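Here are my notes for you, written as numbered points. Please keep the model open while you read, and find each residue as it comes up.

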Amino acid sequence: MAVQDYTACLELNPECAPAHFNRAGLYFSLGDLPAAIEDLDRAIAIDPINKEFFLNRAVLMRKQNRFIESTNDMTMHKRLESRELGTEQQYQQNQQQLQKGANVEDKVKDDEAKAKAE
């Protein structure tokens with residue numbers, strides 16, 4: 001399906017979160033990250049408990065160097081995933097993984113800053 005097909009679908013039903021999600025994927029493949037993020041924003045507004053929407057938006061935010069927003073979306077993805085699994089243990093493991101990722105991200109930023117200063 002092409003972007004136009006999903007757009008036509010959304011004209012008939014603007015509250016169809018999967019159509020926004022799928023069109024976001026098409027926009028991404030076309031290199032239009034702002035439009036992809038806008039569609040994911042809309043999909044999340046319609047269905048705020050779909051973990052895949054958050055995961056995909058996190059990836060796009062990261063590609064735009066929007067690290068804080070990406071981390072927030074990954075956190076939400078992990079929280080929703082943990083709730084689906086229904087285990088506190090999985091939630092704690094996810095929190096540890098997120099912290100490790102944040103530590104690596106901080107190290108990369110520090111290294112980049114040092115390289116610019118030299």
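1. D41 has a relative accessible area of 33%, so D41 is partly exposed; buried means under 20% relative accessible area, exposed over 50%, and partly exposed in between, with a 1.4 Å probe and protein chains only. Its partner is R57: the two form a salt bridge in which the closest N and O atoms are 2.7 Å apart. A salt bridge here is a side-chain nitrogen of Lys or Arg within 4 Å of a carboxyl oxygen of Asp or Glu. This pair links distant parts of the chain, with D41 in helix α3 and R57 in helix α4, 16 residues apart. R57 counts as buried because its relative accessibility is 14%.

2. A word on how to read this. The model is predicted, so local features need pLDDT of at least 70 and side-chain atom pairs count only at pLDDT 80 or more, while totals for chains, interfaces and linings use all residues. Residues are numbered from 1 along each chain as its sequence is written, and side-chain values use heavy atoms, leaving out hydrogens and water.

3. Now the overall layout. The chain has six helices and zero strands, and its pattern along the sequence is α-α-α-α-α-α. Helices (H or I, at least four residues) and strands (E, at least two) are DSSP runs, numbered from the N terminus. Of the 118 residues in the chain, 30% are buried. Among contacts between residues at least 6 apart in sequence, 42% join residues at least 24 apart; contact means heavy atoms within 4.5 Å.

4. Back to the charged pairs. How many salt bridges does a search of the whole structure find? The search finds six. D41, R57 and D73 are linked in a network of them.

5. Another salt bridge joins the side chains of E15 and R42, at 2.3 Å from N to O. E15 lies in the loop between α1 (3–12) and α2, and R42 in helix α3 (residues 33–46), so the pair ties together parts that are 27 residues apart in sequence. E15 is partly exposed at 45% relative accessibility, and R42 is partly exposed at 31%.

6. K78 and E81 also meet through their side chains, in a salt bridge of 3.7 Å from N to O. Both lie in helix α5 (residues 67–85), three residues apart, which is about one turn of the helix.

7. Next, look at two helices side by side. Helix α2 (residues 17–29) and helix α4 (residues 51–63) pack at an angle of about 25 degrees, with axes 11 Å apart. Axes are lines fitted to C-alpha atoms, for helices over the stretch in contact, and angles run from 0 to 180 degrees between N-to-C directions. The two helices are therefore roughly parallel, a term for angles under 35 degrees. Residues A17, P18, F21 and F28 in α2 meet E52, F53, N56, L60 and K63 in α4. By class, this contact has six nonpolar, one polar and two charged residues; Ala, Val, Leu, Ile, Met, Phe, Trp, Tyr, Cys and Pro count as nonpolar, Asp, Glu, Lys and Arg as charged, and the others, Gly among them, as polar.

8. Finally, find N65 in the loop between α4 and α5. Its phi is near 60 degrees, a positive value in a residue other than glycine. Most residues other than glycine have a negative phi. N65 is exposed, with a relative accessible area of 56%.

Definitions and conventions
Parallel < 35°, antiparallel > 145°, perpendicular 65-115°, else oblique.
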